[in-house]
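This report describes a protein model, going from its strands to its cores and its cavities. Please look over the structure before reading on.

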Amino acid sequence: MEFVLAIAGIVLLGGGFWFLRSRYRRVMRADQPSAPLIQRLDSGEAGVRWTPPATWGVQASDSSLLRMVTDDGDEFWQVALLPYRLDLDPRTDELLREDLLAEVRAQQQAAGGRRRQHDAPHIERLEVGALASLRVVYPITLDDGARAVGQLLIPVAGGLCDISVLAKDMARAEERLRWLLSAEAGAGLTVTRPGVASAPPFELSWAGCRVSPPPRYLPMAPDFPRSETMDVLSRVTLGSEGVRMLDVYRVPGAELEVDDREGLEQIARDNAESWADEGAGRIRCRLRAIHLDDGRTHLGNHVSFDAHGSAMQTYAHWFIDRDGAVFRVGAHGPAHVPLDELIADARTTVEGFRRL
């Protein structure tokens, strides 16, 4: 049996992006290191230091992803370095738990467990060294029967280290994650380059603004690929799965009269329709007027589309600033995220928007 814990692939699309859905997904980085991840783990350059048992078989390896199977073939392990930052502020614990529960349900349904009653996931904050981290263990039903996934999420300097194990049940998954941090696992996993917590407001130099986004959104790691006038923030749950994104994008060269609603509608339609050139299918746009008494013209566009057979959605809040510059705040998420939540995320960001 092949086990893949999906890693989101993110593709920039003419000022936008979406999550590519495929059996194997990985994060694109602006400047991929050349050394395989297994070597970066051994040296500690990956942000954590860990040497997997030499008897394990390597199924796949590149600079940011490592997949392995234990020598008895019973467990499958994956290590991924992702350019996301995980919010572990204790003040957002309740929202974090809601996000985790929703995403675990989505993962269980996607794996074929829609009709199966699963045990509740185990969610635990812990410290790896002195670094706040997160452990999540949840049951899942695959084609060959019931299993469990255990994930250890560690904020590191380059973003997020996501270590996952597929085991026979939840007790075994929890046991294996405890083993990972023990002296029995070689020298035990240690953090070499911890991530640094940050708090809003955030200065977004590429888009030329300052924003105070909704809770749990943090700027992407510096090497995340983006266009020259776009900044991206993410709200991370299970590593790369269920990531919700916010982008703040200034349309290069666009300048309209501040009340030119027709011109703004045309830019919004053209932007969404251009995604077809990158492989999006069945693009549907639903424009809606937005009335804010702030001297700017606003427009909403809910864009739904298909990518590799999966339904995706984006809510774009467009506006013409007082000097005629055109901006978009895009809220992006899996199809199971309620549209009202995406609309609220975009609007909160727009209301806290300030030019640098």
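Helices (H or I, at least four residues) and strands (E, at least two) are DSSP runs, numbered from the N terminus. Two strands pair if DSSP finds at least two bridges between them. The model is predicted: local features need pLDDT of at least 70, side-chain atom pairs count only at pLDDT 80 or more, and totals for chains, interfaces and linings use all residues. Residues are numbered from 1 along each chain as its sequence is written, and side-chain values use heavy atoms, with hydrogens and water left out.

**Strands**

In the hairpin of strand 5 and strand 6, 6 residues lie between the strands, and Gly73 has a positive phi near 75°. Strand 6 also pairs with strand 10. Elsewhere, 3 strands form an open antiparallel sheet in the order 12-13-21. Its edge strands, strand 12 (202-204) and strand 21 (354-355), each pair on one side only. The table lists three of the pairings.

| Strands | Bridges | Sense |
|---|---|---|
| Strand 5 (65-69) and strand 6 | 5 bridges | antiparallel |
| Strand 6 and strand 10 (159-167) | 7 bridges | antiparallel |
| Strand 12 and strand 13 (209-211) | 3 bridges | antiparallel |

Within these pairs, Arg67 has Gln78 of strand 6 as its bridge partner, Ala80 stands opposite Asp162 in strand 10, and Phe202 faces Val211 in strand 13.

**Burial and cores**

Buried means under 20% relative accessible area, exposed over 50%, and partly exposed in between (1.4 Å probe, protein chains only). In strand 6 (residues 76-82), 7 of 7 residues are buried. Phe76, Gln78, Ala80 and Leu82 lie on one side, with Trp77, Val79 and Leu81 on the other. Ala106, in helix 2 (residues 93-110), counts as buried because its relative accessibility is 17%.

A nonpolar core is a set of buried Ala, Val, Leu, Ile, Met, Phe, Trp, Tyr and Cys residues joined through side-chain atoms within 4.5 Å. The largest has 39 residues; among those that touch the most other members are Leu264 and Trp318. A second, separate core of 29 residues includes Trp50, Val79, Val137 and Val165.

**Cavities**

On a 1 Å grid over the protein atoms alone, a cavity is a set of points where a 1.4 Å probe fits but cannot get out; lining residues have an atom within 4 Å of a point. A volume is the space filled by probe spheres set on the points. There are 3 cavities of 30 Å³ or more.

Terms used: 1 Å grid on protein atoms, 1.4 Å probe; cavity = no way out; pocket = protein on both sides within 12 Å on 5 of 7 lines; lining within 4 Å.
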